Amino acid sequence: MRLAELSKRSGVSTATIKYYLREGLLRPGRQVNATTAEYDEEHLRRLRLVRAMIQVGRMPVATVREVLGHVDDDSLGRTVRLGAALWALPHVAEPDTDDEHLQAAQREAGELLRTLGWRNAELLTSISPAYRSLVVAVAAMRRLDYDWDAELLVSYARLMHQAAVLDLDFVETRETEAERVETAVLGTILVEPMLQALHRLAQEEESARRYGFE
């Protein structure tokens, strides 16, 4: 397809597509002549991913470029490639390690992983943005005198593991390795808000069942 059709099918203006091409977020099309290039379905898929990362995920171009670099790195194994792409997404900042609530949260998070038998997650605690986010959230709760501990968190974690199994089952339906990593990144940006919405809907439903509408 030509640039105009790519723009029409993706809903992204030609000017924006040219900007993405200049920034290296989209690989060049096949050059037909000095002024015309052709694009394919892979360009369309990647363009939709870039658009989701920038518009929905509100990610800066530099971060998008970094994530896509991991997505396209054929030298990495699947786990490392997927992890590197997801870890490049925005996460919470490094917390103050001297905070007593943070230290307590780290102990509970560590106990949680041991209880669950998540040995791979245990090995990555020093570098995992997801683990850091968990610790920061638990510390915030503890500052408000809500003592969320490993015993309370374990049931939630097991539900999340079931969700992760569903996530990766879906990822594995994609044909190529790049598509699988793209799908995982897109899922992090778009599926997590859906899961949050489903959680809230479930809370509304359970509240009505228990207490009615009075």
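Colleague: Is W148 buried, partly exposed or exposed in this model?

Modeller: In this predicted model, W148 has a relative accessible area of 25%. Buried would require under 20%, and exposed over 50%. The class of W148 is therefore partly exposed.

Colleague: With which residue does W148 form an aromatic pair, and how are the two rings arranged?

Modeller: The partner is Y156, at 5.5 Å centre to centre. Y156 has a relative accessibility of 43%, so this residue counts as partly exposed. The planes of W148 and Y156 stand at 40°, and the arrangement is tilted.

Colleague: Why is the pair of Y19 and Y20 classed as tilted?

Modeller: The count of aromatic pairs comes to 2. In the pair of Y19 and Y20, the ring centres are 6.1 Å apart. Planes under 30 degrees apart would count as stacked and over 60 as edge-to-face, so the pair is tilted because its planes lie at 50°.

Colleague: Which residues touch the most other members of the largest nonpolar core?

Modeller: This core holds 27 residues. At least two residues of the core come from each of α1 (3-10), α2 (14-22), α3 (41-56), α4 (61-71) and α10 (177-211). V185 is in contact with L49, M53, V67, V71, A85, L86 and L89, leaving aside neighbours within four places in sequence. The residues that touch the most other members are M53, V67 and V185.

Colleague: Against which helices do the buried residues of α6 pack?

Modeller: Helix α6 covers residues 100-116 and reaches 25 Å from its first C-alpha to its last, close to the 24 Å expected. Its buried residues are L102, A104, A105, A109, G110, L112, L113 and L116. They pack against α7 (119-123), α8 (129-143) and α9 (150-171).

Colleague: What is the helix content of the span listed as "domain: HTH merR-type"?

Modeller: The UniProt record, an unreviewed entry, lists residues 1-70 under this name. The end C-alpha atoms of the span lie 27 Å apart.

Key: Residues are numbered from 1 along each chain as its sequence is written. This is a predicted model: local features need pLDDT of at least 70, side-chain atom pairs count only at pLDDT 80 or more; totals for chains, interfaces and linings use all residues. Side-chain values use heavy atoms; hydrogens and water are left out. Helices (H or I, at least four residues) and strands (E, at least two) are DSSP runs, numbered from the N terminus. The expected span of a helix is 1.5 Å times one less than its number of residues. Buried means under 20% relative accessible area, exposed over 50%, partly exposed in between (1.4 Å probe, protein chains only). Contact means heavy atoms within 4.5 Å. UniProt positions are given in the numbering used here, feature names are shortened, and annotations may be inferred rather than shown by experiment. A nonpolar core is a set of buried Ala, Val, Leu, Ile, Met, Phe, Trp, Tyr and Cys residues joined through side-chain atoms within 4.5 Å. Rings of Phe, Tyr and Trp (its six-membered ring) pair if their centres lie within 6.5 Å; planes under 30 degrees apart count as stacked, over 60 as edge-to-face and the rest as tilted.
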